[in-house]
Amino acid sequence: MTAAATTIADLAVLVRSKNAGAFWLTIDVMFDNPEHYRRVRDSEVINRAAVARMFHREPADIIVVNHDAALAIKISFPRPQSSGSKFDSDVYGGQQYAPLLSLAIPD
Amino acid sequence: MASFPLVSATGMLGSGYRADSLDKAIELGARMIGCDAGSTDPGPGPLATGTCMFSKAAVKRDTAIMLSRAVAAKIPLVIGSAGTSGSDAGLAFMRDIVREIAREEGLHFRMAAVHSELAKETVREHLREGRSRALPPSPPLAEADIDAALHIVAMMGVEPIQEAIGAGAQIVVAGRSSDTSLFAALPLLEGFAPAVVWHMAKILECGAAAVAHRLAPDSMMAVVREDAFDVFPLREDYRCTPQSVASHTLYENADPFDLKEPSGTLDTREARYEAISERAVRVSGSRFTPDPEYTVKLEGVRQGGYSTILMGGVRDPFILQGLDDWLKQLDDAIRVRITATVGNRPYEIVTRVYGRDGVMGALEPEPKVAGHEVFILWDVISQSQELSHAIASSVSHLAVHNPIPKWHGLISGVAFPYSPPELDRGPVYEFHLNHVLVPHSPVSLFRTEFEEV
């Protein structure tokens, strides 16, 4: 048995989701160690196709931005329904990042 | 003018900050105090109902400190997005608080109240003149959207605030304003470069949110210079780092590099963030490109019916094993029963299963039950409270006795924590406008009232 793979949760100092206005959701994956940031960025594990698959979205709707000065990777996409509308279950959009945490990062 | 120092009292009026922090900013020569009081974060409720997300006492405490310091130092105070939504009700709430503080503390000043709530006719005229644009992911604005709106506010840029200050107002209470415009208005008026000013405003709008480790909300100060700005917190135990300041451009934006303002777009790709002390950061190098069209964002809410909710838990492992089938069978039984009792009147039932996909809904990658119990929230929505309640009372009865193949005989399969289980929640609201208008001028949609307090 091999050691458990390194995940986003092991390397990031903050992973959070939030509304970007009432119609968009945005997820920030933030690091304080430049090596950890570059390792995740360069692995390209966080990409439009993978994010679309994970959240059942269309790749064309996904924005992924690497922010070198902030040591952060940002993911944004339209919400399935607007904040606080009748089918929404997370008014602040604050609890939508969890599936990213277990993404494995290659060594 | 070589520099323009200014302070953001806190990220959200009513969330708190230390009076000492504001006093220190004044000592350091702050030439204005700004504070954002609004957000769409709490959902459509504040705009729909005209209520502030914080209590009057919380807003009054934070306002009183700003007001007394601004009057004593003879500098302007700009409060944006009054009363959370910036609607006329929010503006009235905020003006009353300002007047009450002034009366109690014997303060006198000229106050401007900038209205941002729009009459439906105004929005209709702009639509008919081809002056509306949809923002992704929404379809173009339609007359029906305007008809259905309970309230519509327009998000002002710097110009209405600049006009109010130009007309001699010391205290500006603004309706819905972009978080940045209230901090950008004065430095732009003084002639500082738009790229520097807008980037500064983006960092300052959330108060001390851009520090490395924020323990509680507090004030943040910036000094705008010719080709850069410096930013630092006022609490001695807080510090800004190049990374903490750079990170703040990510906050609540879909794209951290292209930040849209009414008059143009701030591009932060080439921005440089350098530490100039243990606690202060200097930012330079952003670019601002004016847009060919000046646009003002709309926010609007409509009512989507009345809700009655039911809350219940399930612990039986055999119901949990076949939960999806059990819920499908319940849906079918509800449909038959409701048709028999209330006929074809439209209704919807939103079922959230906590322990399966209650938090993420359509976004959940693993919509399955892994634990030994689930919590189910049924939300019945129809065009009247009475109908929603009537349907919910059938749902609760059908849910409790909804059978499973394992057990032979009548079961009680849902644990309701309350009696009666139905809770009438009142109207359901939703944001339904995601559009901008192209106004006749940057100030044409906004109306300002002045008063001597």
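## Cis peptide bonds in chain B

Pro137(B) sits in the loop that runs between strand 5 (132-134) and helix 6 (143-148) of chain B. Helices (H or I, at least four residues) and strands (E, at least two) are DSSP runs, numbered from the N terminus. The bond joining Pro136(B) and Pro137(B) is a cis peptide bond, with omega about 5°.

Another cis bond leads from Ser419(B) to Pro420(B), where omega is near -10°. Pro420(B) belongs to the loop between helix 13 (385-400) and strand 18 of chain B.

## Model and numbering

This is a predicted model, in which local features need pLDDT of at least 70 and side-chain atom pairs count only at pLDDT 80 or more, while totals for chains, interfaces and linings use all residues. Residues are numbered from 1 along each chain as its sequence is written, and chains are lettered from A and ligands numbered from 1 in the order in which they are written.

## Chain B overall

Chain B has 13 helices and 20 strands. Taken along the principal axes, its C-alpha atoms fill a box of roughly 85 × 50 × 45 Å.

Of the 453 residues in chain B, 48% are buried (20 or more other C-beta atoms within 10 Å of the residue's own; exposed means 12 or fewer, partly exposed in between; C-beta atoms are placed from the backbone). Among contacts in chain B with a separation of 6 or more, 75% are between residues 24 or more positions apart; a contact requires C-beta atoms, placed from the backbone, within 7 Å.

## Contact between the chains

Chain B contributes 38 residues to the contact and chain A contributes 37 residues. On the chain B side, helix 10 (242-248), strand 16 (347-354) and strand 18 (423-431) each supply at least two residues.

That side of chain B divides into 22 nonpolar, eleven polar and five charged residues. Here Ala, Val, Leu, Ile, Met, Phe, Trp, Tyr, Cys and Pro count as nonpolar, Asp, Glu, Lys and Arg as charged, and the others, Gly among them, as polar.

## Local features of chain A

Glu44(A), in the loop between helix 2 (34-43) and helix 3 (48-55) of chain A, has a positive phi of about 55° although it is not a glycine. Glu44(A) counts as exposed because it has 11 C-beta neighbours inside 10 Å. His56(A), in the loop between helix 3 and strand 3 (63-67) of chain A, also has a positive phi, near 60°. With 13 C-beta neighbours inside 10 Å, His56(A) is partly exposed.

Ala104(A) lies in the segment after strand 4 (72-78) of chain A. Beyond its neighbours within four places in sequence, Ala104(A) is in contact with Ala5(A), Thr6(A) and Thr7(A).

Note on methods:
Two residues are in contact if their C-beta atoms, placed from the backbone, lie within 7 Å.
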